[in-house]
Amino acid sequence: MTKRVFALLVGINSYLANSPLQGCRNDVTVLADFLRVRARGDEPPDIRLLLDEQATRDEVIAGLREHLTQAGPGDTALFWFSGHGSWAPVPDGLEHLEPTGTMQTLICHDSRHATVPDLYDKELSLLLDEIAAAGCHLVVVADSCHSFGVTRDTIRSVPPLKTAPLIDELLPELRRAAARPPVEHVVLTACASSESAVETWAEGRAHGLFSWSLLTAMRRLGPSATYRELLTAARCDVERYAYQQVPHLEPVTAGIVDQPFLGGQIVPAATGMRMRRVRCEWEIDAGSCHGLSVGPGGDDVRVAVPGPELREARVLRVHPDRSIVEPLGWEPDDDLQYPVVVSKVPTPAVTVGVDARHPSTGNLVVAALDSIGLGGGPSPHVRLVNEEDGRTPELIVDVPEPDRVRIRDANDAALCDEMTDVGRDGGRRVAAAIEHLARVRRVKALVNPVSALVDAVSVELVDARPGEFSPPADRPVLRPDRDGAVRLRYRQEQGLWVAPTVFVRLHNDSDRPLHFVLLNITEKHRVHAGLFPGAQVAPGRFGAALYGRPVELRLPAGKPVEAGATTQDWLVLLAAESEFSSSPFELPAVDEAWPGRTRTPLAVTGLLGRLGLAAVHRDAGAPAAIACDWVTLAVPVVTEVPADRDANVKVSR
């Protein structure tokens, strides 16, 4: 275990010479609370916060050199930067280090004011080498842009400099030390070099989307979660809101990134959560630093005592290390402590904005959403917002011309085929598609903020070779790439493109039997449990998708198999201590969703089945038969056709 954690946390909303941001201070102040409660070394974490005007270039450099260099062997040093990023030309004398001619930069509070330069990546590398030289474990998190992009969200980017600074304006050691190979350390970044990092609204305030997603993953994953696992979990949240922002991890090779986060000093997320009476109130020993929050708009969070009789308590107030709860319909004994599990999580409506360029069509869609619910009421899955709300909607109804609609995300990515002749049914087909996309998002967002099972389950993908019915024991597991996705590639056989196949195994590493369901969320926004519909997996055993047969992942029907083509699936593992039904989670492809679709009564069993019913269908459903612990785990899988010079390669049928 780490002896001690030294953290330098920089959050800059206000700048002397650059546009302001909103969520950077929130990013690092919430992170500081998390570290104070959940970081456990030989001593409490030593945290230095630099906010706004405190975060000048000189003070950031001093924090790196004076504060983080205190970390020695067995310690962990964390540098977290939330603020603007940019590019700049390479200064004269360093051209040999950057064949692109540009260097990435962090924008400090006073950067580009008067003669103060940005903090160049080569300078940062030099400073990080000084920290790592003492033998500590070094981690860098950067939630900033390193590119210029177009988006409706607030982006953490400023225009690149047109002229390079003089090398004499930068750190004097730079010319001598820049050519040395860097000391290995872990780096988690908000996006690729060609993308922008956006801000979002989460838990009642502005945050960097990546910071919020990474912190959410840190809260709910166990103490053994690795950097690679955290990056994958964070990508799941980021992709719900920004399809053109993909977090990245360095280095991508096996080794340091497969170590536990911060050297393994994060304590469990309140495993064995208990409810007890304290000073005339009931409280549980889990708070915001464990992932709990009060649900928005009355969509509350509840905990329950495990057992056949559902005894719940609603979360009223959340503190960093504990929460105040109110028992619902029962009277606990003041002298007892009750073990509890999460029994209800928020399923907030997805925000939708409608383009007003052609109001005749836009108003039809709004009217359809206001009447598509049960009994002719508004849709319970979405919430309409407008520009006055000051928030970027998750889904946007784009009306490029009358009677024609495109549904896209905030990054302008189309989510389904364009719809024409919208007026024929009064916009109800569009409303049905919007509802469907919202439901799929809620399935991906279903997570247990506090579970004792976070370390107990895993999804394993192993390459399947032709003619195999099981993988050899020594074949390595496929590891996620630097963006958190497992990548599979078509291969060529005798002039044909052949889709990749893998063995998929679901491991139960707990000491109790667990019920597993594996959902596949496809590029066409279909949710199905055909790979593993549901079965109990014994302790220390695994369940195999498709009864052990290889799983083929191919491009969707209608998408040409050609060099450069890609598709993405999400494999979502649901696991619970008692049996539950997969049927509430099943959804057809988005082009099969239509208004007035009848739905037969669902065979709902178990707590997770009830949560799925609430998230996807908004039905009240029957009370859960039993309260139990549960957990979800999502793995993105990208299938791609590699670039090939042979234009005559055909598709294997």
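R314 counts as partly exposed, at 25% relative accessibility (buried means under 20% relative accessible area, exposed over 50%, and partly exposed in between, with a 1.4 Å probe and protein chains only). The model is predicted, so local features need pLDDT of at least 70 and side-chain atom pairs count only at pLDDT 80 or more, while totals for chains, interfaces and linings use all residues. Residues are numbered from 1 along each chain as its sequence is written, and side-chain values use heavy atoms, with hydrogens and water left out.

**Salt bridges around D300**

- The side chains of R314 and D300 form a salt bridge at 2.7 Å, N to O (a side-chain nitrogen of Lys or Arg within 4 Å of a carboxyl oxygen of Asp or Glu).
- R314 sits in strand β15 (residues 311-318) and D300 in the loop between β13 (281-284) and β14 (302-305), so this pair ties together parts that are 14 residues apart in sequence (strands are DSSP runs of E with at least two residues, helices are runs of H or I with at least four, and both are numbered from the N terminus).
- D300 also meets R302 in a salt bridge, at 3.2 Å from N to O.
- Both D300 and R302 are buried.

**Other salt bridges**

- In total, the structure holds 39 salt bridges.
- One of them joins the side chains of D258 and R228, at 2.7 Å from N to O.
- That pair links distant parts of the chain, 30 residues apart: D258 is in the loop between β11 (248-250) and β12 (274-278), and R228 is in helix α6 (residues 227-241).
- D258 is partly exposed, with a relative accessible area of 23%, whereas R228 counts as buried at 5% relative accessibility.
- A network of salt bridges links R235, D481, D483, R487, R489 and E640.

**Two packed helices**

- Helix α1 (residues 24-38) packs with helix α5 (residues 209-220) at an angle of about 15°, and their axes are 10 Å apart (axes are lines fitted to C-alpha atoms over the stretch in contact, and angles run from 0 to 180 degrees between N-to-C directions).
- α1 and α5 are therefore roughly parallel to each other (angles under 35 degrees count as roughly parallel, over 145 as roughly antiparallel, 65 to 115 as roughly perpendicular and the rest as oblique).
- On the α1 side, D27, V30, L31, F34 and R38 meet S211, L215, M218 and R219 of α5 (contact means heavy atoms within 4.5 Å).
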